[in-house]
Structures are given as structure tokens and as C-alpha cells.
Amino acid sequence: ERHEDQYTVEQVAQMIRFMRKEREGTQYANTLTPNTLFSRDHFEQYMLMAQKSAQKEDDYGIYDR
């Protein structure tokens, strides 16, 4: 609710998918809980990381055509 005006549901879903992929197979995989993902300390950071990753994929996507 804190960020409902700032991010869309799809952007938040993209962040969750990004974080799951980032931590898959690591010792931190089990630490992805709603408290972690949506905490005041981490939410903005995770959203920015996911957005930068998506932008990088889009930038390199032109080479896949």
C-alpha cells in the first residue's frame, strides 16, 4: 500500500521474479519472505535492481533480432 501510486502490480511481480532468480540456488533462497521483499529497508532497492536488470535485458535484446 505504501507504494501503490508509485509501482504497478506488474512491476512488483517482476521484482519478485527477479529476486527469486537472483537467489535461486544460494544460501539466501529461503530468506525471500514478504517481510524481506516488502520491508522499508529493502523494497525500493529491490525494485531498482529489478528495473535496471529489465532495462539491461531490453538493451541487449536488440541483438537477438
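**Exercise 1. State the accessible surface of the chain and the share that belongs to carbon and sulfur atoms.**

Solution. The accessible surface of the chain is about 5500 Å². Carbon and sulfur atoms account for 47% of that surface. This is a predicted model. Next, burial: 25% of the 65 residues count as buried.

**Exercise 2. Describe the secondary structure of the chain and the pattern along the sequence.**

Solution. Count the elements: there are three helices and zero strands. Read along the sequence, the pattern is α-α-α. Then turn to contacts between residues at least 6 apart in sequence: 60% of them join residues at least 24 apart.

**Exercise 3. Work out which residues of α1 are buried and how they are arranged around the axis.**

Solution. List the buried residues: Val12, Met15, Phe18, Met19 and Arg23. Look down the axis of α1: the buried residues fall within an arc of 120°, so they line one face of the helix. On the other side of α1, Val9, Arg20 and Lys21 are exposed.

**Exercise 4. Identify the residues of the largest nonpolar core and the elements that give two or more of them.**

Solution. The core has 11 residues. They are Tyr7, Val12, Met15, Phe18, Met19, Leu32, Leu37, Phe43, Tyr46, Met47 and Ala50. Two or more residues come from each of α1 (9–23) and α3 (43–61).

**Exercise 5. Classify the ring pair of Tyr7 and Phe43, and say what the pair ties together.**

Solution. The structure holds two aromatic pairs. Take Tyr7 and Phe43: their ring centres are 5.8 Å apart and their planes stand at 75°. Planes over 60 degrees apart count as edge-to-face, so this pair is edge-to-face. Now place the partners: Tyr7 is in the segment before α1, and Phe43 is in helix α3. The pair therefore ties together parts that are 36 residues apart in sequence. Ring pairs also link Tyr7, Phe38 and Phe43 into a cluster.

**Exercise 6. Are Tyr7 and Phe43 buried or exposed?**

Solution. The cut-off for buried is under 20% relative accessible area. Tyr7 has 10%, so Tyr7 is buried. Phe43 has 4% relative accessibility, so Phe43 is buried. Leaving out residues up to four places away in sequence, Tyr7 touches Val12, Phe43, Glu44, Met47 and Gln51.

Key:
Residues numbered from 1 in each chain as written. Predicted model: local features only at pLDDT ≥ 70, side-chain atom pairs only at ≥ 80, totals over all residues. Heavy atoms only, no water. Core = buried A, V, L, I, M, F, W, Y, C linked by side-chain atoms within 4.5 Å. Buried < 20%, exposed > 50% of the residue type's maximum accessible area, 1.4 Å probe, protein only. Helix = DSSP H or I, 4+ residues; strand = E, 2+ residues; numbered from the N terminus. Contact = heavy atoms within 4.5 Å. Arc of directions from axis to C-beta. Phe/Tyr/Trp six-rings, centres within 6.5 Å; stacked < 30°, edge-to-face > 60°. Areas by Shrake-Rupley, 256 points an atom, 1.4 Å probe, with all protein chains shown as cover.
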